[in-house]
Amino acid sequence: MSPASLFHLHLVSDSTGETLAAIAKAAAVQYPNIRAIEHMHPLVRTQRQLKRVLEDIEREPGIVLYTVVNPALGVELEQHCRELQTPCFAVLQPIMQIFESYLGAPQTPRVAGQHVLDADYYRRIDAMNFTIAHDDGRLPDDMNDADICVLGISRTSKTPTSLYLAQRGYKTTNLPLVPTVPLPEQLLLPHRAFVVCLIAAVDRLAEVRRNRAALMADRDLNTYVDREAIAAEIAYTRRIAAKYGWPIIDVTRRSIEESATMIIKLLQDRRSGVKSDEGANV
């Protein structure tokens with residue numbers, strides 16, 4: 001890429017920087033022909049730490065986005081950027097102004113307030129432990145212990161989707177679907193877990209499987225990557241989904257995050273009694 005198609009992006013945070021990274025990525029992808037050289041500066045809470053950041057910005061100036069609770073650090077950062085004539089923006093400030101105006105109350109600054117060790121945090125840790133222990137067909141004896149059960153043929157991103165759901169606090173188990181293997185009994189008995197099936201386009205699955213074939217010595221590789229065989233597996237998924245009224249999500253053009261978000265929406269619709277596309281392809 002030419003130098004004109006690159007720019008430096010400094011993300012300065014007094015916490016982990018996850019919020020900044022997500023906002024910056026959402027903005028940067030709107031410019032597909034320009035790539036950001038990202039400089040992450042997390043846990044900036046003292047003037048000494050900020051000084052090192054300012055030196056980096058001066059050495060490689062560019063756009064500066066920050067989330068810093070300490071107002072003195074924010075003022076110093078903005079002043080330094082003005083001297084360098086480089087843009088600097090407190091990304092949460094407009095949002096907090098709206099909150100203050102609507103709620104009629106000032107904010108109480110808390111560094112890393114979104115990462116407190118509260119009940120929700122431990123619920124997510126519990127969900128992660130559950131999901132790791134019940135990955136790849138290791139269904140719990142009592143499916144009522146799970147919030148979500150993800151089904152899908154090989155390479156439909158069951159495990160990463162399950163882990164993302166767990167990070168959101170949902171105890172998730174996943175099961176590989178194989179047309180020649182009967183479904184486990186505990187899946188067919190009455191339970192509270194929300195079951196969802198994942199599918200993908202034949203061409204995508206064939207490509208992904210071919211790339212993984214070298215690691216799958218225990219498989220019939222010719223069948224594993226054969227398009228007709230894959231199409232039959234997808235048809236099997238559709239049949240059992242229709243039989244049991246399980247929704248199907250096509251992950252071909254969806255990221256892991258988008259697939260998981262769709263699953264959560266379907267689950268919440270079911271819990272609230274909202275009619276959704278369960279049993280249909282979404």
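What is the relative accessible area of Tyr-122?

Author: Tyr-122 has a relative accessible area of 48% and is therefore partly exposed (buried is under 20%, exposed over 50%, partly exposed in between, with a 1.4 Å probe and protein chains only). This is a predicted model, in which local features need pLDDT of at least 70 and side-chain atom pairs pLDDT 80 or more, while totals for chains, interfaces and linings use all residues. Residues are numbered from 1 along each chain as its sequence is written, and side-chain values use heavy atoms, without hydrogens or water.

Tyr-121, at 27% relative accessibility, also counts as partly exposed. There are two aromatic pairs in the structure. In one of them, the rings of Tyr-121 and Tyr-122 sit edge-to-face, with 5.3 Å from centre to centre and 85° between the planes (rings of Phe, Tyr and Trp, the last by its six-membered ring, pair if their centres lie within 6.5 Å; planes under 30 degrees apart are stacked, over 60 edge-to-face, the rest tilted). The pair of Tyr-244 and Trp-246 is stacked, because the planes stand at 25° and the ring centres are 4.8 Å apart. Tyr-244 has a relative accessibility of 35%, so this residue is partly exposed. Trp-246 falls to 10%, so this residue is buried.

Now the chain around these rings. In the protein chain, 37% of the 282 residues count as buried. The protein chain is built from 11 helices and eight strands (DSSP runs numbered from the N terminus: H or I of at least four residues, E of at least two). Its radius of gyration is 24 Å, well over the 19 Å of the globule rule for 282 residues, so the chain is more spread out than a compact globule (the radius uses C-alpha atoms; the rule is 2.2 Å times the number of residues to the power 0.38). The C-alpha trace of the protein chain spans about 70 × 50 × 30 Å along its principal axes.

Gln-79 gives a sense of that extent. This residue belongs to helix 3, which covers residues 71-84, and with 40% relative accessibility Gln-79 counts as partly exposed. From the C-alpha atom of Gln-79 to that of Ala-231, 152 residues apart along the chain, the separation is 60 Å. Among contacts in the protein chain with a separation of 6 or more, 76% link residues 24 or more positions apart (a contact is heavy atoms within 4.5 Å).
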